[in-house]
Amino acid sequence: MPEAVATMRKFLFASLTAVAVGACGTDVGSDVAYNTDSFFVPTMNGSLDFFAPQSATFSSTSRFHAWTFELSGEGEVDLRTGDLATNVDTIIYLYEADEAGNKVGHFLAKNDDHDGALASRIRRSLPAGRYLLQVKAHKTQIRGRFEVEASCDGAGCPVPELPPTFAEQCTAVDETVAACVAGGGTVEACAPTDDPVALQCCNADVAADHCASTCVTSRIALEPEDVDFIDGYADEYGGIYDIDVRVAGCNTSFAEVIAGARNRSVPSNVDDLETWPEGREATPSSGILALTDADFFAELATIAHDDQFSAWTAEVDLGCPSCVHNAEQWVLFYPLTGTIITLTGEYGHD
């Protein structure tokens, strides 16, 4: 075989071998691998949330993920992965993006093992613009969950969307009823009798046309979106372990609230009416509410859309030798919105 032909065959064999090895490679961290790997199209997860962690999972159908975000001006972003499932190793890339959210050009920043760990992190000052964050697994066979956390500091950073105020919620209720009536419904049929916020609104302002019908439904159960804050109010003897929130019918009196509460309370050997027309001048020196602070009452005020309440308590001695251990129930009534919050728990001391 001529020497030139043999040399050519060796060159072709080496080239094909290199291509085969590259195609089967599992490390996707390099620029070359990024451009040639088998999962070029990411799973798009929408806008990056700068105010809450976002979770995603590496799977056979979602081998890497992407989020977009915009800055209206300059901002310093901190983008990181965390809460990784076992053996999940991430790599993150930051790109400029076009209007459709597609990456533009070479990545602006990339990070693999931040501080020697499997998580990744990019901190960078950016001008106004649209950006794309991509998160990839270090190896294509990696499977498992991870979280992306993002924060931003600067004039161009996203701002949190504030929840609607109580007044705005009541306006939305009125507009919904008005649209229903305009569509041919009667006020009675359009009255939102199964909506606790609508009932709170009618307690606050019974003049709305639909309130005469809305208010006939009493004691609608109102489930707080999140009552996990109760878990923080406990000591070795117990704490607050249950909350019940209801909205009374319009013009319900405090006496009627107490009468209903007595039917549901713990067996009581003490009935003690406490009225705080100015809110809470001071918290009780004992009992389950002694475990609370201003943040706790702020949470309740958010649920009730008011911070002025009256309260009734009932308690029973649980019979603790040489110590104090009582079960207690507090019924807080917010007359402006007709909201009744019942707290049940235990307290005590040596």
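A disulfide is a pair of cysteine sulfur atoms within 2.5 Å. The exercises below use a predicted model.

**Exercise 1.** Find the handedness of the disulfide between Cys202 and Cys211.

*Solution.* Start with the distance. The S to S separation of Cys202 and Cys211 is 2.0 Å. The cut-off is 2.5 Å, so the pair counts as a disulfide. Next, take the torsion. It is about -85 degrees about the S-S bond of Cys202 and Cys211, so this disulfide is left-handed. Last, check the surroundings. Cys202 and Cys211 are both buried.

**Exercise 2.** Classify Cys180 and Cys190 as buried, partly exposed or exposed.

*Solution.* First, the link: a disulfide joins Cys180 to Cys190, with S to S at 2.0 Å. It is left-handed, with -75 degrees about the S-S bond. The pair connects distant parts of the chain, 10 residues apart: Cys180 sits in helix H3 (residues 166-182) and Cys190 in helix H4 (residues 187-190). Now the areas. Cys180 has a relative accessible area of 35%. That lies between 20% and 50%, so Cys180 is partly exposed. Cys190 has 9%. That is under 20%, so Cys190 is buried.

**Exercise 3.** Locate the two ends of the disulfide between Cys215 and Cys250.

*Solution.* Begin with the bond. The sulfur atoms of Cys215 and Cys250 are 1.7 Å apart. The link is left-handed, at -45 degrees about the S-S bond. Then place each end. Cys215 is in the loop between helix H6 (211-214) and strand S10 (220-221). Cys250 is in the loop between strand S12 (238-247) and helix H7 (254-264). The pair links distant parts of the chain, 35 residues apart. Both Cys215 and Cys250 are buried.

Key: Residues are numbered from 1 along each chain as its sequence is written. This is a predicted model: local features need pLDDT of at least 70, side-chain atom pairs count only at pLDDT 80 or more; totals for chains, interfaces and linings use all residues. Side-chain values use heavy atoms; hydrogens and water are left out. Helices (H or I, at least four residues) and strands (E, at least two) are DSSP runs, numbered from the N terminus. Buried means under 20% relative accessible area, exposed over 50%, partly exposed in between (1.4 Å probe, protein chains only).
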